Amino acid sequence: TWVLPTLAELHALYNDPTVANPPAGWHSHDFWSSTQSGSGFHYTECVDNGSQNSFGDTYGGYVAFQVL
């Protein structure tokens with residue numbers, strides 16, 4: 001099963017001192033979370049600086065899936 005991480009999970013990854021910001025092989029840009037910020041909007045986490053933003057679902061951010 002593939003799952004989009006929550007905003008809290010992406011932020012925990014950013015705050016993890018054992019992981020580079022951005023993680024190796026990741027683009028330094030906004031990554032989508034599964035956390036909604038309103039109808040048709042979700043939060044993103046910028047993995048190089050930890051900023052969090054809300055964008056409409058048509059915004060062109062990146063995705064990182066968790067494999068369960």
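How many residues lie between β2 and β3 in their hairpin? The answer is 2, and G40 in that turn has a positive phi of about 80°.

Some ground rules. This is a predicted model, where local features need pLDDT of at least 70, side-chain atom pairs count only at pLDDT 80 or more, and totals for chains, interfaces and linings use all residues. Residues are numbered from 1 along each chain as its sequence is written, and side-chain values use heavy atoms, with hydrogens and water left out.

Now the layout. The protein chain has 1 helix and 5 strands. These are DSSP runs, numbered from the N terminus: helices are H or I with at least four residues, strands are E with at least two. In sequence order the pattern is β-α-β-β-β-β. The radius of gyration of the protein chain is 11 Å, close to the 11 Å that the globule rule gives for 68 residues, so the chain is as compact as a globular protein of that length. That radius is taken over C-alpha atoms, and the rule is 2.2 Å times the number of residues to the power 0.38.

Back to the strands. Two strands pair if DSSP finds at least two bridges between them. β2 (residues 30-38) and β3 (residues 41-46) run antiparallel, joined by 5 bridges. W32 stands opposite T44 in β3. β3 also runs antiparallel to β4 (residues 52-56), again with 5 bridges. Here F41 faces G56 in β4. This second hairpin has 5 residues between the strands, and G50 takes a positive phi near 80°.

Last, burial. Of the 68 residues, 22% count as buried, meaning under 20% relative accessible area with a 1.4 Å probe, protein chains only.

Definitions and conventions. Buried < 20%, exposed > 50% of the residue type's maximum accessible area, 1.4 Å probe, protein only.
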